[in-house]
Amino acid sequence: MSIIALALLATACKDSKSTTSPAELLKQRLERLTQKGIMFGHQDDLAYGVKWYMQEGGSDVKEVTGDYPALYGWDIGNIGNEKNLDGVPFDKMQQWIIESHQRNGISTISWHVFAPDGTDSWNTQKPIVNEILPGGIQHDAFNEKLDLVADFMKSLRTPQGVQVPVIFRPWHEMNGQWFWWGSGHCTVDEYKSLFKYTVDYLKDVKGVDNMLIAFSPDRSFNSIAEYLTCYPGDEYVDVLGFDDYHDFKVENGHEIVDKKLNIVAQIAKDKNKIYAFTETGYDGVKDAKWFTDTLLPILKSANEIKKMSYVMLWRNANFDKEQKDHYFTPYSGHPSESNFRKFVNDPVILLNSQVVFD
Ligand code: BMA
């Protein structure tokens with residue numbers, strides 16, 4: 001090879017290295033980690049738990065298992081204010097995302113959106129989606145919300161200036177009827193436009209390059225085609241997800257969830273995408289063997305089709321502040337504590353210390 005060719009090759013290698021975005025690096029890391037196991041995640045894990053509130057170092061998962069989760073969920077609903085919709089201060093959320101990244105944890109961010117006119121996510125009285133899309137009366141104000149989201153994403157930087165990559169999961173559970181972007185409150189085309197607009201605006205207009213994008217329908221699908229009804233396209237989605245709580249409460253729930261997660265695994269395999277069980281849990285963990293006897297076999301069954309990236313349990317609402325059965329991982333003293341330890345000790349489940357050396 002001539003000197004010139006070598007120099008060109010060196011430049012090309014250098015360029016490709018310098019242009020790898022934080023999001024792309026996270027994608028590569030997630031792909032590597034699927035070979036190790038399924039990361040365990042928990043919403044708001046560091047912010048509060050069943051019996052504690054906003055204490056540095058707090059984590060119900062750590063209290064019970066001795067280790068932090070590998071993945072954390074956060075929600076930016078109410079962005080632009082001091083605290084999110086569940087009382088988590090945005091500056092603390094930012095700090096926890098950075099700190100957990102520094103110990104190799106990964107964060108995913110959902111968004112229970114308040115429309116610019118104040119309409120909360122669950123208020124489906126009037127159509128909002130067409131009002132925030134281009135041409136709609138709330139469009140400019142919606143862009144300002146997206147500006148806030150972009151600022152938050154960009155603010156995720158270590159003291160050394162390293163950008164922290166996250167998995168952003170906008171417009172989730174669109175096939176349920178409870179959110180104003182959900183089924184029956186906008187058309188499928190409007191939904192797809194909204195999803196694409198959000199991603200394009202954040203990435204192309206605002207230059208956010210530290211987020212992967214997750215697509216997360218709820219349980220209302222029974223086939224690949226149904227799952228993909230609102231899918232905005234391969235170029236818009238990095239992580240295929242699925243949220244399901246309700247199916248666990250019906251007869252044969254185990255088999256129903258198993259079938260649905262297998263569908264997601266199959267699509268991920270066909271599309272060569274990362275996939276995850278993006279939200280689940282059994283409120284109050286009322287079955288003391290739920291983790292090993294219900295959840296684990298479902299995860300393993302999907303994992304046979306294609307290796308899964310993570311499973312995330314929803315938040316542990318604080319007993320003093322909220323309803324008393326809205327928690328999804330056991331706390332110290334809970335009847336399912338030892339079962340949960342058994343679950344996380346299964347070789348396929350990864351906690352924080354198992355994702356350190358990847
Ligand atoms: C729901 C509940 C609500 C919460 C919302 C956003 O599932 O936990 O209490 O406000 O998520 O986190």
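## Ligand contacts

A polar contact here is a pair of N or O atoms within 3.5 Å; within protein, one must be able to donate a hydrogen and the other to accept it, and residues adjacent in sequence count only if both atoms are side-chain atoms. Keep in mind that this is a predicted model, where local features need pLDDT of at least 70, side-chain atom pairs count only at pLDDT 80 or more, and totals for chains, interfaces and linings use all residues. Residues are numbered from 1 along each chain as its sequence is written, and side-chain values use heavy atoms, with hydrogens and water left out.

Now to the ligand. An oxygen of the ligand sits 2.5 Å from a side-chain N or O atom of D86. The protein covers 76% of the 310 Å² of accessible area that the ligand has on its own (Shrake-Rupley method, 1.4 Å probe).

Around the ligand you'll find L85, D86, H112, W122, W314, R315 and H326, each with a heavy atom within 4 Å of it.

## Salt bridges around the ligand residues

A search of the whole structure turns up 16 salt bridges (a side-chain nitrogen of Lys or Arg within 4 Å of a carboxyl oxygen of Asp or Glu). Two of the residues around the ligand, D86 and R315, join E322 in a network of salt bridges.

## R169 and its partners

R169 pairs with D243 in a salt bridge, N to O 3.0 Å. D243 belongs to strand β9 (residues 243–244) and R169 to strand β6 (residues 166–169), so this pair ties together parts 74 residues apart in sequence (strands are DSSP runs of E, at least two residues; helices are runs of H or I, at least four; both are numbered from the N terminus).

R169 also forms a salt bridge with E279, the closest N and O atoms being 2.7 Å apart. That link runs from strand β6 to strand β10 (residues 274–280), 110 residues apart. Both R169 and E279 are buried (under 20% relative accessible area; exposed is over 50%, partly exposed in between; 1.4 Å probe, protein chains only). The relative accessible area is 1% for R169 and 0% for D243, which is buried as well.

The side chains of D238 and K27 form another salt bridge, at 3.3 Å N to O. D238 sits in the loop between α8 (224–227) and β8 (239–240), while K27 is in helix α2 (residues 22–34), 211 residues apart. D238 is buried at 12% relative accessible area, whereas K27 is partly exposed at 22%.
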